[in-house]
Amino acid sequence: PGCQSLDLPPKSRAVFSVFGGSNTQGANAVSLNARGGTNYGRANPSFARLLADRLRDTHLAKWNADGGSGPLLAGTCASLFIPPDTRLGTIEYLPNLGYIHEDQAEVGSIKAMLHMLHARGAFAFVVNIVSGRKRFENEARGSRQASQCIRLNFSENVVGCTGRDRLFAFRDKLALAANATGAHVVTIDADEVPHLFGADSFHLNAEGHRTVFNSIWRIYRSLPCMARHDRAARTQISEEAGVSCALGDELAPLVGEAAGFERTDLQPGRVEKVGWAARQPNASLKFCIRLPRKEKKAHEAELKNRIFLNSKDAMKIPLTAGFPYRISVGLQASHPRNHPLFGVAQVDCTGSCNCMCADAPRSKPGCRFDTLSNTSAVTITTYLNLKVSEADPAVPALAAQAGCPADACVLQVRNAADNLSAASDGHGERSKVVVRALIVGLSDFRTLHMMGLRNAAMNNARRE
């Protein structure tokens, strides 16, 4: 604990980054109903909460825990979710893994988080909570799908099922990933210590959380100080994950040609906030994007043997028909009091891909979005979602002209001044456009969450 003030900016506190699901939140399974469902009581102080309370004088807890959540978003954008001042992190996802049968994507995401924690110079703990047999037996009493899972013996090709054997496999993979990055592992199995779990044999009880906390604290307080703290670390995620994320300076390797756009620190003198900004008319920024083609083929081949037990999984696991990829462009949006005024972004694709707005008619290419917010009083990063298809590979010259590899998908962002609704403010007709992020992936569950981010963030922005 005494190490945590090392290599921190003045007056800053170390960050404790918390990742996980309902166990990390302290869900309290007090009893079961007649159909095997769980009755919940007031939340327990979770192992993560106990740790945050113990460290409250030196650490600021950054919570990224959500019941039933998986690791894909946090792992894909690890540099965002694990900020430079992170000095401690806990990762607890095991009970939620395995249902979608995309093991490489889920394990790869956790590996990316562990790599980032290591690069930040943070102590990392993987908490593996293994559900007991009673969990699956209880679920089968009230769920047709759960009973089918048992009847099918949790077969590897059945989406929506995960049993103890699969949890053991994930446990071992996560332990290997932790060992490779110097992280520590705490494992607790409901069948071995049932008195530490609630009625559902899934969630820890108060004593179970205290036991996990004690294990973490005993290791943590004996560790030597970390020697390395990389504030500029970039996310490293395996291509097998089928999705990638670039934020701030991570965009630089993707830039093929920039005319009128330049790297900009958007809040100089404070915590660095990097984007590529244009402030004059007729600016253009081209990104060289590698589409996950190999992962697409592997995904489609595996789908042929998959069995779906419900319509929800059958909708979110396959790729979007005709548009197997999705690109989300993070654009900064602001309010009319922020000068120079923000303008209109025109986004198009050339090279080996075509793209259009996610909710646009099939026949309308490209996407146009006004980043001047109508009512919001803050400056935010919002996401413009594009559905993406393959283009004729016979025209690779278009990619080369943008400074990109011949097989690249070239995404172009231009500032299109809005002559109809904006007067000149002395800096051009609303020419300011700022690109902050790119997320590229297959158009399935890997990028589906971006649709929700777009809808939530763009409520006050003007769409054309």
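## Disulfides

A search of the whole structure turns up six disulfides, a disulfide being a pair of cysteine sulfur atoms within 2.5 Å. This is a predicted model, in which local features need pLDDT of at least 70, side-chain atom pairs count only at pLDDT 80 or more, and totals for chains, interfaces and linings use all residues. Residues are numbered from 1 along each chain as its sequence is written, and side-chain values use heavy atoms, with hydrogens and water left out.

## Cys 288 and Cys 404

One of the disulfides joins Cys 288 to Cys 404, with an S to S distance of 1.9 Å. The link of Cys 288 and Cys 404 is left-handed, with -75° about the S-S bond. Cys 288 lies in strand E13 and Cys 404 in the loop between helix H12 and strand E20, so the pair ties together parts that are 116 residues apart in sequence. Helices (H or I, at least four residues) and strands (E, at least two) are DSSP runs, numbered from the N terminus.

Cys 288 is buried, at 12% relative accessible area, and Cys 404 is buried too, at 7%. Buried means under 20% relative accessible area, exposed over 50%, and partly exposed in between (1.4 Å probe, protein chains only).

Cys 353 and Cys 409 form a disulfide with sulfur atoms 2.0 Å apart. Here Cys 353 sits in strand E17 and Cys 409 in strand E20, 56 residues apart.

Another disulfide joins Cys 357 to Cys 367, at 1.7 Å from S to S. Cys 357 is in strand E17 and Cys 367 in strand E18, ten residues apart. Cys 367 is buried, with a relative accessible area of 3%.
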